[in-house]
Amino acid sequence: MAVKTIIEIPDERLRIKCSPVTDIAAVQTLIDDLLDTMYSTENGIGLAATQIAATQSVMVIDISENRDQPMVFVNPEIIESEGETSYQEGCLSVPEIYADVARFKRVKVKALDRDGKEFTLDSDEFLAIVMQHEIDHLHGKVFLDHLSPLKRNMLLKKLKKQQRLRQ
């Protein structure tokens, strides 16, 4: 459909909590836009609606090697979690910034697919981390929110400097 602009920190639209989808037909274009936008990036493996300034609870993920196995999640929610792990995360809305983030080691997510059919997905691998990261976006959070205030402020200063240099 269309490649949208990915909004970046400190844009306040990233802090909006998404609304549940009640009409699956109404978000088909949004799903296509999310996929097109994610695939247009070099390193994009997931994208949430808030990152393109949409407010519906929709996210997409593709962690396949060839980037040809898209997963669509409408109204995703974590229904089970356990353990703890840490992984160095980055984000298309926080470009060129990476930090170790503590996450659940295993999560079970319930969602609707793009046809409105409910499914659950249980993962204790990299996919679990990506699902948690994208669900955070749908709740108005970014990975920096999981860091200590000192580390977060340090990375935000670095990001502001990079943004100034890009302009």
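Which residues gather in a patch of positive charge on the surface? They are Lys-157, Lys-160, Lys-161 and Arg-164. The close-up views below take up this patch and other local features.

The model is predicted, and local features need pLDDT of at least 70, side-chain atom pairs count only at pLDDT 80 or more, and totals for chains, interfaces and linings use all residues. Residues are numbered from 1 along each chain as its sequence is written, and side-chain values use heavy atoms, with hydrogens and water left out.

View 1. Lys-157, Lys-160, Lys-161 and Arg-164 form the surface patch of positive charge. Patches are made of residues with over 30% relative accessible area and no salt bridge; like charges are joined within 9 Å, and nonpolar side chains (Val, Leu, Ile, Met, Phe, Trp, Tyr) within 5 Å. Lys and Arg count as positive and Asp and Glu as negative, while His and the chain ends are not counted. The place of a charge is taken as NZ of Lys, CZ of Arg, CG of Asp or CD of Glu. Accessible areas come from the Shrake-Rupley method with a 1.4 Å probe, and for residues only the protein chains shown count as cover. Lys-160 is found in helix H3, residues 149–166. Helices (H or I, at least four residues) and strands (E, at least two) are DSSP runs, numbered from the N terminus. Lys-160 counts as partly exposed because its relative accessibility is 48%; buried means under 20% relative accessible area, exposed over 50%, and partly exposed in between (1.4 Å probe, protein chains only). Gln-162 is also found in helix H3, but is buried at a relative accessible area of 17%. The C-alpha atoms of Gln-162 and Pro-95 are 8.9 Å apart in space, and the two residues are 67 apart in sequence.

View 2. Strand S3 (residues 71–82) and strand S6 (residues 106–112) run antiparallel and are joined by six bridges; two strands pair if DSSP finds at least two bridges between them. Arg-106 in S6 is the bridge partner of Glu-82. Six bridges also join S6 to strand S7 (residues 118–123), again antiparallel. Here Leu-112 has Glu-118 in S7 as its bridge partner. The hairpin of S6 and S7 has five residues between the strands, and in it Gly-116 takes a positive phi near 90 degrees.

View 3. The side chains of Glu-82 and Arg-106 meet in a salt bridge with an N to O distance of 3.5 Å. A salt bridge is a side-chain nitrogen of Lys or Arg within 4 Å of a carboxyl oxygen of Asp or Glu, and by this rule the count comes to 11 salt bridges. Which of the two residues are buried or partly exposed? Glu-82 is partly exposed, with a relative accessible area of 46%, whereas Arg-106 is buried at 14%. Salt bridges that share partners join Glu-80, Glu-82, Arg-106, Lys-108 and Asp-122 into one network.

**View 4. The salt bridge of Arg-15 and Asp-145.** The closest N and O atoms of Arg-15 and Asp-145 are 2.5 Å apart in this salt bridge. The pair links distant parts of the chain, 130 residues apart: Arg-15 is in the segment before helix H1 (28–40), and Asp-145 is in the loop between helix H2 (126–138) and H3. Arg-15 is partly exposed at 35% relative accessibility, and Asp-145 is partly exposed at 29%.

**View 5. The salt bridge of Arg-114 and Asp-32.** Arg-114 and Asp-32 form a salt bridge whose closest N and O atoms are 3.0 Å apart. Arg-114 lies in the loop between S6 and S7 and Asp-32 in helix H1, so the pair ties together parts that are 82 residues apart in sequence. Arg-114 is partly exposed at 25% relative accessibility, and Asp-32 is partly exposed at 23%.

**View 6. The nonpolar patch.** Ile-63, Tyr-87 and Phe-126 make a nonpolar surface patch of about 230 Å². Tyr-87 is in strand S4, residues 85–91, and is partly exposed, with a relative accessible area of 36%.

**View 7. Backbone details.** A cis peptide bond, with omega about 15 degrees, joins Ile-9 and Pro-10. Pro-10 lies in the segment before H1. Ala-53 is a residue other than glycine with a positive phi, near 65 degrees. Ala-53 lies in the loop between strand S1 (46–48) and strand S2 (58–61). Glu-96, in strand S5 (residues 94–103), has a positive phi near 65 degrees and is exposed at 53% relative accessible area.
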